[in-house]
Amino acid sequence: NEVWCADVTIFKTEDNIKHYIHVLMDHYSKKVIGYSVENSSSGKATRFLLQEAYNLHRPKQTLFLTDSGSENVNKKVALFSNSMIEAFNKVLKHQFLYPKNIKNRVGLEKVMTETIPIYNNERPQWQLGGNTPNETFNSVPFSFNNRTKEFKDQKALRIIKNKENSCKKC
């Protein structure tokens with residue numbers, strides 16, 4: 001809760017509409033602390049996510065990291081590499097969004113509502129010592145030894161999903 005990062009990723013639904021997914025993440029725990037699906041990339045959407053997260057978590061002092069995307073370029077935002085959240089965007093798209101046939105914005109918002117709790121609460125991460133982002137955010141001691149089976153299960157699930165979604169043209 002000391003460093004937050006934000007980014008926008010684009011996802012096109014089957015109706016050929018681009019949707020801009022704004023994400024706010026705690027940099028240390030990788031917990032998604034806010035997101036929104038918008039019609040365009042918007043600094044206002046990022047500001048809203050920051051205000052909501054601040055009201056919910058009340059950090060004493062937080063550093064805000066973001067890249068130089070057009071939604072972020074202004075005199076008050078410090079620009080840095082936000083590779084942590086870029087890695088999340090890749091996981092979001094490849095493990096949660098692309099495997100589904102998302103027809104429109106309503107479908108995308110439904111999938112996002114299901115995805116974020118899974119990512120935050122159920123998906124242990126190696127870099128977090130086996131904790132989920134939510135456990136790390138809430139200072140639960142690392143439990144790598146308790147998660148060995150879950151890591152194996154997650155790996156097996158990724159292999160199955162990757163085989164199901166392999167390119168049929170290749």
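These are my notebook entries on a predicted model of one protein.

**Ground rules**

I number residues from 1 along each chain as its sequence is written, and I leave hydrogens and water out, using heavy atoms for side-chain values. Since the model is predicted, I require pLDDT of at least 70 for local features and 80 or more for side-chain atom pairs, while totals for chains, interfaces and linings use all residues.

**Entry 1: inventory**

I listed the secondary structure first, taking helices (H or I, at least four residues) and strands (E, at least two) as DSSP runs numbered from the N terminus. The protein has 5 helices and 4 strands. Along the sequence I read the pattern β-β-β-α-β-α-α-α-α. I then looked up burial, where buried means under 20% relative accessible area, exposed over 50%, and partly exposed in between (1.4 Å probe, protein chains only). Of the 170 residues, 40% count as buried. For contacts I used heavy atoms within 4.5 Å. Among contacts with a separation of 6 or more, 51% join residues 24 or more positions apart.

**Entry 2: the sheet**

I counted two strands as paired if DSSP finds at least two bridges between them. The 4 strands form an open sheet in the order β3-β2-β1-β4, with mixed pairing. β3 and β4 (63-66) are the edge strands, each pairing on one side only. From one strand to the next, the twist averages 20°; for such angles, axes are lines fitted to C-alpha atoms, for helices over the stretch in contact, and the angles run from 0 to 180 degrees between N-to-C directions.

I followed β1 and β2 next: they pair in the antiparallel sense over 9 bridges. I found I10 opposite Y20 in β2, and V8 opposite H22 in β2. Their hairpin has 5 residues between the strands, and N16 there takes a positive phi near 70°.

β2 and β3 are also antiparallel, over 6 bridges. V23 stands opposite Y35 in β3. This hairpin, too, has 5 residues between its strands, with K30 in the turn at a positive phi of about 65°. I noted that β2 is mostly covered, 8 of its 9 residues being buried.

**Entry 3: helix α1**

I found A45, T46, L49 and A53 buried. These residues are on the same side of α1, because they cover an arc of only 100° around the axis; the arc is that of the directions from the helix axis to the C-beta atoms. K44 and R47 are exposed on the other side. The buried residues pack against β1, β2, β3 and β4.

**Entry 4: helix α2 and I85**

α2 has 15 residues and reaches 20 Å from first C-alpha to last, close to the 21 Å expected. Its buried residues are I85, F88, N89, V91, L92, K93, F96 and L97. I saw that their cover includes β1, β2, β3 and α3.

Which residues does I85 touch, leaving aside its neighbours within four places in sequence? They are C5, A6, D7, V23 and M25. I85 is buried, at a relative accessible area of 0%. From I85 to D7 I read 6.7 Å, C-alpha to C-alpha, across 78 residues of sequence.

**Entry 5: the cores**

I took a nonpolar core as a set of buried Ala, Val, Leu, Ile, Met, Phe, Trp, Tyr and Cys residues joined through side-chain atoms within 4.5 Å. The largest one has 20 residues, of which I21, F88, L97, L108 and M112 touch the most other members. At least two residues come from each of β1 (3-12), β2 (18-26), β3 (32-38), α2 (83-97) and α3 (105-122). α2 gives the most, with 6 residues.

Setting aside neighbours within four places in sequence, I found L97 in contact with residues including F11, I21, I102, L108, V111 and M112. Apart from this core lies another, of 8 residues, among them W4, A6, L24 and F64.

How values were computed: The expected span of a helix is 1.5 Å times one less than its number of residues.
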